[in-house]
Amino acid sequence: MNIHLYLWLIPILPFVGFLLNGILGRHLPKALVSTIALAAPLAAFLVVIRAVLTAWPGNSSVALPYVENFAGSWINAGLLHVDFSFALDQLSMVMLLIITGVGFLIHIYSVGYMGHEDGYWRYFSYLNLFLFFMTILVLAENYLLMFVGWEGVGLASYLLIGFYFDRKSAADAGKKAFVVNRIGDFGFLLGMFLLLFQFGSLSFGSIGANLAAHPGVEGGIFTAICLCLLVGATGKSAQIPLYIWLPDAMEGPTPVSALIHAATMVTAGVYMIARTHSIFDRSPFALATVAIIGAATAFFAATIALVQTDIKRVLAYSTISQLGYMFLGCGVAAYSAAVFHLMTHAFFKALLFLAAGSVIHGLGGEQDMRKMGGLRKQLPVTFWTMTAGVIAIAGIFPFAGFFSKDAILYEAFQHGTLGKTLYFVGLVTALLTSFYMFRMWYMTFFGEAKPDAAQSGHDQDAHAVHAHESPWVMLAPLAILAILSLVGGWIGIEKFGEFLSPVVGPVIDPALEAGGKNLDLVLSIVAVVTALIGWYVAHLLYRRKSDKPAQFAAAVPGVYRMLAKKYAVDEIYGYTVVKPLVLGSQYILGWIGEGVIIRGSAWLLAGVTGLVGELLRRWQSGNLRSYAAWLAAGAAVLLLLAASYAMGASGTGIHLNWVGR
Amino acid sequence: MMNAIPSSWYLILSALLFTLGVVGFLIKRSLITVFMSIELMLNAVNLSFVTFAHEWHQVKGQIFVFFVMMVAAAEAAVGLAIIIAIFRARATLNVDQIDLMKL
């Protein structure tokens, strides 16, 4: 049992990369910066693979969950006891493989994509920092350490969204992401306090043991804990009501959108719910809330994505929508289905973002799909890989998205009346998803080429005139991810669920249900047909350049305007939350707090000190005789006091009894 | 000796000398006179030391007087040197004009 998995190496390696590039990167040649930046996640990936192979459930040499305490006790105060300990189990294995594997691919891609950017070293040091925190998040064995990673990925996300900090919109988007996430983190913190109050511990293991020891206790405090944690999850995973930061986060470089805002960080909320599922299972109300939030977000974001014209924004809203699916999966207690979708989504959404980045790169920075078209010939590799991603996300057999989405929808359908309702919401969302993804696909790659596209891009230098295919260093990750998007789902939910079941509980296996096999088949066919209908509608409207979409939009102007304005949610939040806060800060905190209390007390203190000083300085005349006079006067006063005291004490005056002897 | 001059007379003389020293210190402007007033105060104290030592048959008072005389000698040496230095630098010994240390 002396097998050591060296889990601590997994976060530390990217951290070393961050330190090297962050401190020295400015002075290092570009090749060395890339080498360091790529070596760190690769090494971490290899450590993960070694750990997974060693601890594979079949090889029972290591008992899962394997807990590694790498730095002893962290906090030890009274009843509160928190360790720096990492845990490896089936769930964190899946997450680690996604994070370091997809993360490494995106690092490779970034070498090509960020090649001509200033601050190349800064970009890679942030990216490595992100991997450091993200691996801490999934490795943590207690909520507090997880929270460290949770906050840390928020920081890395903020830094990378605001990477082009000289552009005001990017800096604002970074701030928005940070502040909105902070609201969610507040919920997470409250949830942790409640956990501490209820269980006296923050360790997953001891909370799980405590829950197992008290079966049948439901609702009440568990509902409160779950709802608080859910607020945290909606913040990080961009769900209603805190999703508003994710579309703006597209201001960051595209590989960042792929890594942080599609594949890994935003799935932290789903991971957290799956990790805490034993508490969620005790609160049907909280689970129903999760499911409703998930389904509502999926539908809501999909409708917004229908009319977006910025290629990255379409993908951003589709990410929100897909995260909604994962929440729906968690909400119907099908955690392994949710994690399955998390995995396939990481593949195809990273692929879609990277392919979109390749298109943007090829057009010299153009992101508006209306100015694209006919790129099929110019960017063949990008076209084919993106096609794989689009088919995968639309959920068409046999691509990865089909299996995971189908699993979630099947589980939802099996989950009572509420589940059936949400199933139909999910089905409609699948239709919308298929439509807007193929709309994007047609607008970008089909139709006639627009020669003015590249020229009207933001810079008009020579390389922007002709759309050009990206270098191999960007295409290779695309190809790998395309293959993963195809085969990633073939393992099937049954096997995947069985693998995860020690951590997140068993999943309903259609083969074991009465009539489950047939129902599963029917639902799968329905889902695929729905996706094909979406494709067909997109084909009718966007295959050829026509005014059909415009006519369609003109037919329902109110709806179109509402969608184009994204339901004005940003504006509503602006008026109901941001503006009162700003005004409150300005008037209450600014005038009363700062003006009266802080400034007033400072002035009072300074004024009194000055006045006293002005009075006292008159004593310091520098005149020797005045000092001597004060000295003499002081001595006289002391003498007088002593004499009067002695007189008072004896009552009869000083007896100089030796006088006259 | 028992019927000689009573001790209180010595003490009264000591007090008078001390007061004279204080008044001289306060009202005289010449640094030399101020310095002499200090010596006067020291010796007034010496006188009362000796008186008390005699009165209570304690030799400590006598010893203390020697200490004071020694300190006074040292003080005279240092003090006069300072006075000469001040005079050379400022060409005056008026204490009212030697006030460079005020704020």
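Setting aside its neighbours within four places in sequence, A:Thr385 is in contact with A:Leu351, A:Ala355, A:Leu478, A:Ala479 and A:Ala482. This is a predicted model, and in it A:Thr385 belongs to helix α17 of chain A, which covers residues 380–394. Is A:Thr385 buried or exposed? With 25 other C-beta atoms within 10 Å, A:Thr385 is buried, because the cut-off for that label is 20 or more.

Let us step back to chain A as a whole. Chain A has 27 helices and two strands. Its C-alpha trace spans about 130 × 65 × 55 Å along the principal axes. Of its 661 residues, 49% count as buried. Contacts in chain A can also be sorted by sequence separation: of those between residues at least 6 apart, 79% join residues at least 24 apart.

With that background, we can look at some helix pairs. Two packed helices are described by the angle between their axes and by the distance between those axes. Start with helix α1 (residues 9–24) and helix α2 (residues 30–55) of chain A, which pack at an angle of about 175 degrees with their axes 8 Å apart. An angle over 145 degrees counts as roughly antiparallel, so α1(A) is roughly antiparallel to α2(A). On the α1(A) side, the residues making the contact include A:Leu9, A:Ile10, A:Leu13 and A:Asn21; on the α2(A) side, they include A:Val33, A:Ile36, A:Ala37 and A:Val48. Sorted by class, this contact has 15 nonpolar, two polar and no charged residues.

Further along chain A, helix α4 (residues 120–139) and helix α5 (residues 143–161) pack at about 160 degrees, with their axes 7 Å apart. α4(A) and α5(A) are therefore roughly antiparallel to each other, and α4(A) passes α5(A) in a left-handed crossing. Among the residues making this contact are A:Tyr126, A:Phe130 and A:Phe133 of α4(A), along with A:Trp150, A:Gly149 and A:Gly152 of α5(A). By class, the contact of α4(A) with α5(A) has 15 nonpolar, two polar and no charged residues.

What is the relative direction of helix α11 (residues 268–275) and helix α14 (residues 311–331) of chain A? Their axes cross at roughly 5 degrees and come within 10 Å, and α11(A) and α14(A) are therefore roughly parallel to each other. Here A:Val270, A:Ile273 and A:Ala274 in α11(A) meet A:Leu323, A:Met326, A:Phe327 and A:Cys330 in α14(A). This contact has seven nonpolar, no polar and no charged residues.

Finally, turn to chain B and its helix α2, residues 31–56. At 1.5 Å a residue, the 26 residues of this helix should span 38 Å, and its end C-alpha atoms are 38 Å apart, so the two values agree. Which residues of α2(B) are buried? They are B:Val34, B:Ser37, B:Ala44, B:Asn46 and B:Phe49. What covers these buried residues includes α1 (7–27) and α3 (60–90) of chain B. After α2(B) comes B:His57, whose phi is positive, near 55 degrees.

How values were computed: Residues numbered from 1 in each chain as written. Chains lettered and ligands numbered in written order. Predicted model: local features only at pLDDT ≥ 70, side-chain atom pairs only at ≥ 80, totals over all residues. Axes fitted to C-alpha atoms, helices over the stretch in contact; angles between N-to-C directions. Helix = DSSP H or I, 4+ residues; strand = E, 2+ residues; numbered from the N terminus. Parallel < 35°, antiparallel > 145°, perpendicular 65-115°, else oblique. Left-handed = near helix turned anticlockwise from the far one by under 90°. Contact = placed C-beta atoms within 7 Å. Nonpolar A, V, L, I, M, F, W, Y, C, P; charged D, E, K, R; others polar. Buried ≥ 20, exposed ≤ 12 C-beta atoms within 10 Å, placed from the backbone. Expected span 1.5 Å × (residues − 1).
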